[in-house]
Amino acid sequence: MANQESAISRHPRSTALGKTGPSVFPVGLGCMALSGVYGPAEDAESVATIRHAIDRGVTLLDTGDFYGNGHNELLLRRALDGLRDKVQLSVKFGVMRGPDGAALGIDNRPTAVKNFATYSLRRLGVEVIDIYRPARLDPQVPIEDTVGAIADLIKGGFVRHIGLSEVGVDTIRRASRVHPIVDLQIEYAIATRGPEASIFPALAELGMSATLYGIFSRGLLTGSKPSGKGDFRQHLPRFAGSQGAKNASVVDKFHVFGADRRLTPAQLALAWVLAKQPTLVPIVGARTRAQLDDALVALDKPLSASDVAALEAIVPRDAIGGTRYPAEHMDHLDSER
């Protein structure tokens, strides 16, 4: 690997979430996978992983009230016993679920926002949520109304900051006129570069940050495969059929590139994101302590500009085939408009 002094950026051990948000460790922990979305997860290891992340300096923990139908927040409550003051909790809301786990739509009405917050506070066992955000745009509710409801929660002392998730530039601008927004949560990886075109420039203009999920492309870049009935990746185009076969060939080249530079696939995927977007915060969805430790090595092995260029020659913008979600889901994403 090229001399680290020629790296695109040197990464401090804290990154500010926009002009108005808190400073956080430069990598966050995404907790969704700890509640079974990629197949069974062991609660004991999940709790240990969260606590280990905090020991390693990670401060931003990302969850959603619908992850595991409340399981994820309860898991965090266990893990954060005695450690609440060491972390910032980012919580998504709005996705409606049936008792069988079926998706029932989005509800971002002001009354629903406050109701969701009430139960999140109780499940998490905290007095205040650091960053509260709608998981998706509700097409029936103006974003101004949703953000206004969170602003009311801030006035009441129940929330500290407002974030957004998977919305486009117009929605971002409209939301920011109601209340300062600290960050947008958006998918971004070497396999998913859409935000570079207009979303990232708009965030920079408005003084907002972004928390970047899917940096491993749900395990595609690390070589993970869908593993059983509970693994929702079975329904994702990038893992199936001819697209899946094409992508496997690209991923093989990605792995060889990393091995030549003594980087594991997870380290390479994270190092690329850190090099490309040094002012933003990638979120690692580790399920075990070992996975987390592996990924965090990337902080001390930055990619040089020449490394980045060489990697992007192997994995160009359109190299990975298939959309990041099924077609019907993509149709509802405001960020794709």
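Which residue is the bridge partner of R97 in β7? In the predicted model described here, that partner is A103. The two strands concerned, β6 (residues 95-97) and β7 (residues 103-106), pair in the antiparallel sense over 2 bridges, pairing being assigned where DSSP finds at least two bridges between two strands. The hairpin that they form has 5 residues between the strands, and within this hairpin G101 takes a positive phi near 90°.

Because the model is predicted, local features need pLDDT of at least 70 and side-chain atom pairs count only at pLDDT 80 or more, whereas totals for chains, interfaces and linings use all residues. Residues are numbered from 1 along each chain as its sequence is written, and side-chain values use heavy atoms, with hydrogens and water left out.

The protein contains 11 helices and 12 strands; these are DSSP runs numbered from the N terminus, helices being H or I runs of at least four residues and strands being E runs of at least two. Its radius of gyration is 19 Å, close to the 20 Å given by the globule rule for 337 residues, so the protein is as compact as a globular protein of that length. The radius is taken over C-alpha atoms, and the rule is 2.2 Å times the number of residues to the power 0.38. Along the principal axes, the C-alpha atoms fill a box of roughly 55 × 40 × 40 Å.

Of the 337 residues, 54% count as buried, where buried denotes under 20% relative accessible area, exposed over 50%, and partly exposed the range in between (1.4 Å probe, protein chains only). Among contacts between residues at least 6 apart in sequence, 76% join residues at least 24 apart, a contact being heavy atoms within 4.5 Å.

Two parallel strand pairs were examined. Strand β8 (residues 129-134) pairs with β9 in the parallel sense over 3 bridges, and I129 stands opposite V159 in β9. In strand β9 (residues 159-165), 6 of the 7 residues are buried, so this strand is largely enclosed by the rest of the structure. Strand β10 (residues 183-187) runs parallel to β11 and is joined to it by 5 bridges, with Q185 opposite T211. Strand β11 (residues 209-213) is mostly covered, 5 of its 5 residues being buried. In a regular strand the side chains alternate between the two faces of the sheet. Both faces of β11 are covered, with S209, T211 and Y213 buried on one side and A210 and L212 buried on the other.

The C-alpha atoms of L280 and Y119, which are 161 residues apart along the chain, are separated by 30 Å.

Two helical residues are also buried. S120, in helix α3 (residues 110-124), has a relative accessibility of 0%. Apart from residues up to four places away in sequence, S120 touches D65, E73, V91 and I129. V251 lies in helix α7 (residues 241-260) and has a relative accessible area of 5%. With the same exclusion of residues up to four places away, V251 touches L220 and L221. V251 and L221 are 30 residues apart in sequence, and their C-alpha atoms are 5.8 Å apart in space.

Backbone geometry was considered at two loop positions. Most residues other than glycine have a negative phi. N69, which is not a glycine, has a positive phi of about 55°. N69 lies in the loop between β4 (60-64) and α2 (71-79) and is partly exposed at 44% relative accessibility. R262, likewise not a glycine, has a positive phi of about 55°. R262 lies in the loop between α7 and α8 (265-276) and is exposed, with a relative accessible area of 73%.
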